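Dear colleague,

Please find below the structure that I am handing over to you. A short account of the findings follows it.

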Amino acid sequence: MQTLVTVIIPAYNAESTVEAAVRSALCKNACAVEVVAVDDGSSDGTLAVLTSLCGESEQLKVYSKPNGGVSSARNFGLERASGKYIMFLDADDEFLPGSVNKAAEYAETNGADITMFGYETTSDAGRIDFFPPFSGRLEGRQTVFEKIIYPIAFAGLNGYMGSVCSGIFRKSIIDRAGLRFDERVKIAEDTLFFVSYLVGCESAEAKSEIIRIYNLADGSATKKYNPFLEENNRVLDAELKKTVLGAGLPYTDGIAGNRAVASVISLIVNETRHGNPNGFFESAKIIRGIIKKNRDEVKKCVPNGKTLAAKKLIAMCPAAGIAFFAIRKIQAARGVSF
């Protein structure tokens, strides 16, 4: 039987969580599924757990490679995937029971280039559910841009992240465009791949169903201080712009301003992360420099709501930026997750 869905799971030092992730992706007595689990040079027992699971299911294929990061592991998996559709799952997350089979059935029935689903986040702060920024069916690349790409990647209008783990993709589109994850981008690599895929979509469908549990672990890459975040954001924004313009879609000054605001806010928050070697006053100095460097681009932002207006103020005014940093720093010290 031809494989209908390939689920790609990159795993790095995920000994305690990877078994649950893999089991959630396996579909017994359902559609033809293969799970491609890529051990990305783990130094714990991740590979041993995956190897053990291989004996339980022929659907599971396990590979091991030197550590190269999540993008490298996903690309490794894409090169070995045989499914008509591709789904992704992180090794510390889980699909809800039957989700892979359900997603495949929807994709086969609706014929859309991408079908998107809701997900729930779990953390010490509790559970929050997120859903796509549209409902029903979309037709046409311009509509896909306006209803999905713009609100998620460029305007921050919806808490729904552009995560590749919340949709089912057609492998033919990935192959036709030669899409791979940009291994230079360590934070928000999902967003770049997501946008690169969507600019080639003529149709999209959203389902108001939750298929995935997204565990916001304190040790995840988004929770730790990243000394290379500024360069990461520079590459990300340049590639997003190149991707959108290359598809003949609009990349306005307003979009550039929105991206600049998002970058500055992320850099300020980064100064509050665990592992930051800078003291308070050194971080404040860094923040002033970041705001000064990006002020011209930030000015282009046209706020379309109170939240973005507040973020623009923080990204333009050193005093506001440092005050925001101080509040976040206090919250982090008290264990408030963000």
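**Salt bridges and a helix pair**

Arg-141 is partly exposed, with 30% relative accessible area (buried means under 20%, exposed over 50%, partly exposed in between; 1.4 Å probe, protein chains only). The model is predicted, so local features need pLDDT of at least 70 and side-chain atom pairs count only at pLDDT 80 or more, while totals for chains, interfaces and linings use all residues. Residues are numbered from 1 along each chain as its sequence is written, and side-chain values use heavy atoms, leaving out hydrogens and water.

The side chain of Arg-141 forms a salt bridge with that of Glu-202 (3.9 Å, N to O); the term denotes a side-chain nitrogen of Lys or Arg within 4 Å of a carboxyl oxygen of Asp or Glu. Arg-141 belongs to helix 5 and Glu-202 to the loop between helix 7 and strand 10, 61 residues apart. Helices (H or I, at least four residues) and strands (E, at least two) are DSSP runs, numbered from the N terminus. Glu-202 is partly exposed, at 43%.

The whole structure holds 24 salt bridges. Another of them joins Asp-93 and Arg-212 at 3.6 Å, N to O. Asp-93 lies in the loop between strand 4 and strand 5 and Arg-212 in strand 10, so this pair ties together parts 119 residues apart in sequence. Asp-93 is buried at 0% relative accessibility, and Arg-212 is buried at 1%.

Lys-300 and Glu-297 also meet in a salt bridge, at 2.7 Å, N to O. Lys-300 is partly exposed at 31%, as is Glu-297 at 32%.
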